Amino acid sequence: MKVALISGITGQDGSYLAELLLEKGYEVHGIKRRASSLNTDRIDHLYQDPHHPNQKLKLHYGDLTDSMNLTRIIEECRPDEIYNLGAMSHVKVSFDTPEYVGNVDGLGTLRILEAVRLLGLEKKTRIYQASTSELYGGIPENKNDNGFYDENSPFYPRSPYGVAKIYAFWITKNYREAYNMFACNGILFNHESPRRGETFVTRKITRATARIALGLQEKFYLGNLEAKRDWGHAKDYVRMMWMILQAEQPEDWVIATGKTTTVREFVRMSFAEVGIELEFKGLGINEKAYIKSCNNLEYQLELGKEILTVDPKYFRPTEVDLLIGDPTKANTNLGWIPEHDLASLVNDMMSSDIKLMKKHQYLKNGGYDTINHFE
Ligand code: NAP
Ligand code: GDD
């Protein structure tokens, strides 16, 4: 039986990847941080009874800032594959905690590579590093002739997060070349899901849309509505992480959809999912969105009601204006074909958040929490 170790197993990608690897028959080990409140919501359904002899998911307390702890965990489970997904992954927050991000997102990767090497596992253990489209920084002139970022495009990170991740990218590549390790970077463009953290823009939008449609919230605030992102579904992207480690040679891969969309359009699509049409008026920090029509009898809001305002508090000191990736190499060489497009992503996130907010509404009104009530 193959053994995998996932750092960041409690995050969006870690939880989907753990599911995938368990389905494939792996024994899965995950590193979780000790927190004062529970942080395993996304994987609880996979970890019902730690004492059960067939429990194939095993959790270890750990932290990417602690070399000895990482070395001990790797020695204990001697993994065939390590997926290093752990990171402080919020770009805006990285401007507030730059040193910590350098330590976790940059040096954390080195700690894992070095532990594998010191334990003499460099021939056995394949390593996936969660690299990112933030490395490109959205510099227009660095796109290829077809207008995309690909594996050969130059990097120009625009945040402490991007700068830490560029160290992680190069140290992974360096260990591959210096010690012949099977260590790969997946340069993943934005990917989202119903499990996306609540402060990333897509989830912030789908949660607020659901709450506004249900009358639980009046309006919400966003930053740069003009920013464009290449958004895919996390389930498709974790499948590709696994494929990268099954490839014949260790290489770096771009994973993207090849389409880019503004934040404003994502807002429009989310409201359209519940039959609400919006009208955007004003420019820059004065832009607002209003209810134009409601075509779903369940979600009737006052026409002309203001539901979105720009708040400069969400602007970044340096912004990545536009990201669009070229996944041709992954499509051609590994046969990676995503199952979701942006419309099905928005549909998945909206139906999940409508269900969640209906549950909140029900509980707020004194209802009982019966698990299947809203399934
Ligand atoms: P996420 O939901 O924010 O999950 C991050 C995970 O890292 C969580 O499990 C978190 O633990 C853990 N973590 C944070 N600090 C840690 C530390 N000091 N030691 C050990 N673990 C730590 O992120 P994601 O969206 O799943 O992304 C997974 C990885 O892919 C990240 O490295 C991210 O930077 C990268 N990436 C993401 C995208 C994307 O669009 N999602 C695109 C490109 C690259 P807690 O649960 O305790 O916070
Ligand atoms: N978070 C957030 N909140 N972003 C906003 C908001 C807001 O209120 N309003 C506008 N935005 C804009 C941001 O300025 C950015 O241009 C875009 O929405 C996307 O922001 P996020 O969803 O926070 O994601 P990100 O692109 O900065 O970073 C994500 O993708 C990277 C891959 O490109 C993260 O998952 C990173 O970890 C990942 O590496």
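Mentor: The chain is assigned domain 1 (3-188) and domain 2 (201-226 + 263-320 + 341-364); these bounds come from an automatic or database domain assignment. This is a predicted model, where local features need pLDDT of at least 70, side-chain atom pairs count only at pLDDT 80 or more, and totals for chains, interfaces and linings use all residues. Residues are numbered from 1 along each chain as its sequence is written, chains are lettered from A and ligands numbered from 1 in the order in which they are written, and side-chain values use heavy atoms, with hydrogens and water left out.

The C-alpha centres of the two domains are 32 Å apart. Contact (heavy atoms within 4.5 Å) joins 8 residues of domain 1 to 8 residues of domain 2. Together the domains bury about 690 Å², 59% of it on carbon and sulfur atoms. Buried area is the accessible area (1.4 Å probe) that two parts lose on being put together, summed over both. On the domain 1 side, Lys92, Phe95 and Arg158 supply 67% of the area buried against domain 2, more than any other three residues.

Now the polar side. Polar contact links 3 residue pairs across the domains, both residues at pLDDT 80 or more. A polar contact is a pair of N or O atoms within 3.5 Å; within protein, one must be able to donate a hydrogen and the other to accept it, and residues adjacent in sequence count only if both atoms are side-chain atoms.

Next, ligand 2. Both domain 1 and domain 2 give residues to its shell, so ligand 2 lies between them. That shell holds 23 residues, with Thr132, Ser133, Tyr161, Arg316 and Glu319 the closest; a residue is near if one of its heavy atoms lies within 4 Å. By class, the shell has 9 nonpolar, 8 polar and 6 charged residues. Here Ala, Val, Leu, Ile, Met, Phe, Trp, Tyr, Cys and Pro count as nonpolar, Asp, Glu, Lys and Arg as charged, and the others, Gly among them, as polar.

The atom pairs give the detail. Threonine 132 places a polar side-chain atom 2.6 Å from an oxygen atom of ligand 2. For serine 133, a side-chain N or O atom is 2.6 Å from an oxygen atom of the ligand. Glycine 223 uses its backbone: an N or O atom there lies 2.8 Å from a nitrogen atom of ligand 2. Taken alone, ligand 2 exposes 710 Å², and the protein buries 95% of that. Accessible areas come from the Shrake-Rupley method with a 1.4 Å probe; for residues, only the protein chains shown count as cover.
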